Amino acid sequence: MTGPEEPDNLTSMESATETIKRIFEGSTSPVGAQIADESTRYKALEHAVCPKPAETRLIAVANQKGGVGKTTSAVNLSAALARFGCKVLLIDMDPQGNASTALGAPHASGQPSVYDVIEGRKRIAEVKCTCPDFDNLDVVPASIDLSGAELEVADMADRNSLLKNAVDEFLATSEEHYDYVIIDCPPSLGLLVINAMCAVHEMLIPIQAEYYALEGLGQLINTIGLVQEHYNPSLLVSTMLITMYDKRTLLSREVHGEVKKHYPTIVLDTTIPRTVKISEAPSFNQSVIAYDPKGMGAIAYCEAALELSRRSDTVLQAIDARRNEN
């Protein structure tokens, strides 16, 4: 007499995602719920389609307040867009060079960098390098030498458009089409930031989920308004991103709600959580997208990149409307 037929291991095996869901589905454990949520969201990203914009989107990531996740957002949004197949150029305009570090771009003092571009000694094509983790992500590095550029170009007649001229020349002569040019700005409102604002069509503002982070927002918006009025009338604040968000705290939820109330059309629904992996990644010369691709930080930045890309048509239409008004 034969026993029951053995199950076919190949057909009965379940995926890791299915196992996690089976174990933790309906669980009241916060840890179990988080693991199940991460697994579900990561699986959704594997099948997500990231639409490419009809034309190159030029975006400056800026906030004069330090510690709000500005460079982290510029780096990881760039890496996430590259992961989804977009061609991206990240320009590091911060003399600290943190974005260059996080994307594995050499940026020691004296090496070719954006400083040489601003000073007119080199073109972007001559100083850019490719991120080791993503073939379709190029980086224009910054070094500490850039800190002297503001004084050195202060008396030049076209001092506000030096970066714009370089970017325009690069995009016009490049054999490859870039879907995104993302500029990481220093935490200030000086000449380097003005150059970045004049070189782009869009501003992306990261906002830390704390009330102190809201204090300088009005000053930044005012500066953007002055640049629009005098130098770049088509400039648009297209995106705000809430960073260091902790859904467990009332404060984070209130700040998100307050910003969403005042800027309902430009605040991304995606929020970036506080995670150790996001902070760790730069010490390994990597974005969190490469360092911990299945972690909560990478998942959140990938979701933000998708949301950013899916708004492309609306944003480009708004930019065209501003151009036609002026």
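Trainee: Which element gives the most to the lining of the second largest pocket?
Mentor: This is a predicted model, where local features need pLDDT of at least 70, side-chain atom pairs count only at pLDDT 80 or more, and totals for linings use all residues. Residues are numbered from 1 along each chain, and side-chain values use heavy atoms, without hydrogens and water. A pocket is an open set of points on a 1 Å grid where a 1.4 Å probe fits, with protein on both sides within 12 Å along at least five of seven lines, and lining residues have an atom within 4 Å of a point. Four residues come from the top contributor, helix α4.

Trainee: How many residues line the second largest pocket, and which lie nearest its centre?
Mentor: By class, the lining has 10 nonpolar, 10 polar and one charged residues (Ala, Val, Leu, Ile, Met, Phe, Trp, Tyr, Cys and Pro are nonpolar, Asp, Glu, Lys and Arg charged, the others polar). The lining is made by 21 residues, and nearest the centre are Gly69, Thr72, Ile278, Ser279 and Pro282.

Trainee: Are α10 and α12 oblique or parallel?
Mentor: Their axes (lines fitted to C-alpha atoms over the stretch in contact, with angles from 0 to 180 degrees between N-to-C directions) lie 10 Å apart at about 60°. Under 35 degrees counts as roughly parallel, over 145 as roughly antiparallel, 65 to 115 as roughly perpendicular and the rest as oblique. Therefore α10 is, relative to α12, oblique.

Trainee: Which residues of α12 make the contact with α10?
Mentor: Contact means heavy atoms within 4.5 Å. From α10 come Ile194, Met197 and Cys198. Their partners on α12 are Leu220, Thr223, Ile224 and Val227.

Conventions. Helices (H or I, at least four residues) and strands (E, at least two) are DSSP runs, numbered from the N terminus.
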